[in-house]
Amino acid sequence: MSPYNNTCLEKLVHITNACITLEYWPSYFKSANSVVIPKPNKTSHNTPSSFQPIILLNTTGKLIKKVVSNRLQFHMTANGFLDPNQLGGIRQRSTTDAGVYLTHIIRAGWLRQYHTSVIAFDIAQFFLSLNHEFLSICLKKAGLNTNVVGFFNSYHSNHSTTYTWNKFSSPAFNTNVSVGQDSALSPILSAIYLAPVIKIFKKRLKTLKENIPTDILSFVNDSLLISQEKSYSLSSSFLLCSYNIMSKILIDTSLIMEHSKTELFYFTKAHYPPNLSIDLSSVGGSVISSKPIWRYLGFYFDHRLNFNYHTYFYATKCLSTLSAMKMLGNSSRGLLPIQKRLLYRTCILPIALYRFQLWFFKGAPIVKNITELKKMQ
């Protein structure tokens with residue numbers, strides 16, 4: 001590393017430490033410019049949804065946020081503040097971990113003659129709804145000192161943005177209502193926010209007179225309530241009770257479930273799943289029933305965990321991509337064969353093998369899935 005790079009690094013570290021020590025985030029880093037760009041392939045641009053805002057921020061500020069985010073990730077993991085079932089917004093945890101965990105407990109339940117039932121729920125406008133005061137309380141509970149908490153209080157205040165469209169530029173508008181979804185700090189801050197929610201949920205289940213063995217799996221704003229019982233009706237009752245409790249906890253923490261996106265699914269080794277439903281009218285929802293195929297985090301689950309539709313969907317997607325590759329050249333011009341091979345390995349195979357760990361393992365019925373994938377060769 002050259003002396004100039006060392007000097008630049010030292011200056012950035014000095015600025016970062018000064019911001020935390022002084023509990024201050026400079027106003028220059030809080031000012032954003034939102035460039036409004038029309039979305040392509042739109043027949044009309046008469047509605048706001050026809051436009052895509054691109055937010056431009058100071059690069060130095062983004063780099064400092066990345067550094068602070070890395071330190072928070074390490075600290076939260078080291079002190080055990082985050083729940084083990086939180087798999088979103090945390091380093092070295094991914095959708096693969098969520099899918100493998102879910103399929104593992106389902107198959108483990110089958111060995112004990114237990115059926116697995118899940119309710120998937122979504123938090124409406126998650127990043128926009130994070131309450132700054134509650135987040136400050138969470139940061140204190142996480143063991144961070146007063147300087148860091150004060151820094152984040154300054155970080156979340158007095159934000160502004162201007163809107164630019166062609167040659168027009170608007171005056172600055174106040175934007176203090178959320179935690180920026182595209183910020184480097186958003187994933188870990190959202191995980192810190194949800195950690196007490198999950199702990200309160202588990203604690204309330206333990207204080208009930210009747211034992212309700214419900215587990216929870218969280219991936220940012222997409223979460224699951226999981227119940228394993230020999231009786232589907234009993235499992236459905238436990239899920240309904242847990243759902244009501246979680247809904248009230250989220251309301252107390254300024255979050256709201258989007259009941260229209262709530263889904264119910266039953267896993268069973270039988271040929272046909274049970275025809276049961278759960279009434280969520282007590283919390284403002286509707287009656288939900290299990291579907292033949294359930295999509296979660298990009299996985300397509302069937303009730304027997306065969307993943308036949310999952311491989312069919314991604315194999316079909318690969319075939320569509322392969323058809324588009326024909327435009328890149330032929331035997332006489334365009335890309336060379338070695339370049340096409342590289343493109344196939346980097347763009348097609350990752351799609352075809354998306355989270356194959358869920359269905360490709362020793363003893364799994366994989367013949368039909370492998371046959372489906374062979375169609376794209």
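# A tour by selection

Start with three helices: H1, H3 (59-78) and H7 each give at least two residues to the lining of the second largest pocket. Helices here are DSSP runs of H or I with at least four residues, strands are runs of E with at least two, and both are numbered from the N terminus. This is a predicted model, in which local features need pLDDT of at least 70 and side-chain atom pairs count only at pLDDT 80 or more, while totals for chains, interfaces and linings use all residues. Residues are numbered from 1 along each chain as its sequence is written, and side-chain values use heavy atoms, with hydrogens and water left out.

**Stop 1: the second largest pocket**

Stay with this pocket. Its volume is about 350 Å³. Select Thr-16, Ile-20, Val-67, Val-68 and Arg-71: of the 18 lining residues, these are the closest to the pocket centre. Which helix gives the largest share of the lining? H3 does, with eight residues. Colour the lining by class and you get 14 nonpolar residues, three polar and one charged.

A word on terms. The search runs on a 1 Å grid over the protein atoms alone; a pocket is an open set of points with protein on both sides within 12 Å along at least five of seven lines, a cavity is a set where a 1.4 Å probe fits but cannot get out, and lining residues have an atom within 4 Å of a point. Points are joined across faces, edges and corners, and a volume is the space filled by probe spheres set on them. Ala, Val, Leu, Ile, Met, Phe, Trp, Tyr, Cys and Pro count as nonpolar, Asp, Glu, Lys and Arg as charged, and the others, Gly among them, as polar.

**Stop 2: along H3 and past it**

Select Gln-73, found in helix H3. Buried or exposed? Gln-73 is buried, because its relative accessible area is 9%. Buried means under 20%, exposed over 50%, and partly exposed in between, with a 1.4 Å probe and protein chains only. Not counting residues up to four places away in sequence, Gln-73 touches Gly-89, Ile-90, Arg-91 and Ile-188; contact means heavy atoms within 4.5 Å.

Now pick Gln-92, in the loop between H3 and helix H4 (95-111). Gln-92 is exposed, with a relative accessible area of 84%. Check its backbone: phi is positive, about 65°, although Gln-92 is not a glycine. Most residues other than glycine have a negative phi.

Gln-125 also has a positive phi, near 45°. Find Gln-125 in the loop between strand S3 (115-122) and helix H5 (126-129). Its relative accessibility is 53%, so Gln-125 counts as exposed.

**Stop 3: the rings**

How many aromatic pairs does a search of the whole structure find? There are 31. Show Trp-25 and Phe-151: the ring centres are 5.7 Å apart and the planes stand at 90°, so this pair is edge-to-face. Trp-25 sits in the loop between helix H1 (3-21) and helix H2 (27-30), and Phe-151 in helix H7 (residues 146-155), so the pair links parts of the chain 126 residues apart. Both residues of the pair, Trp-25 and Phe-151, are buried. Rings of Phe, Tyr and Trp (its six-membered ring) pair if their centres lie within 6.5 Å; planes under 30 degrees apart are stacked, over 60 edge-to-face, and the rest tilted.

Select Arg-112, which lies over the face of Tyr-114, 4.7 Å from the ring centre. Then try Lys-199, whose charged end sits over the ring of Phe-81, 4.5 Å from its centre. The test asks for NZ of Lys or CZ of Arg within 6 Å of the ring centre and within 35 degrees of the ring normal.

**Stop 4: the cavities**

The count is two cavities of 30 Å³ or more. The largest cavity has a volume of about 60 Å³. Among its lining residues are Phe-121, Ile-123, Leu-194 and Met-246. Helix H8 (186-207), strand S7 (214-219) and helix H9 (232-252) each supply at least two. H8 gives the largest share, three residues. The lining has nine nonpolar, two polar and no charged residues.

Move to the second largest cavity, with about 40 Å³ of space. Its lining includes Arg-107, Leu-305, Trp-359 and Phe-361. By class there are six nonpolar, two polar and one charged.

**Last stop: Val-287**

Val-287 lies in strand S11 (residues 287-289). Val-287 is exposed, with a relative accessible area of 52%. Leaving aside neighbours within four places in sequence, Val-287 is in contact with Ser-277, Ile-278 and Asp-279. Finish with a distance: the C-alpha atoms of Val-287 and Glu-263 are separated by 9.9 Å, and the two residues are 24 apart along the chain.
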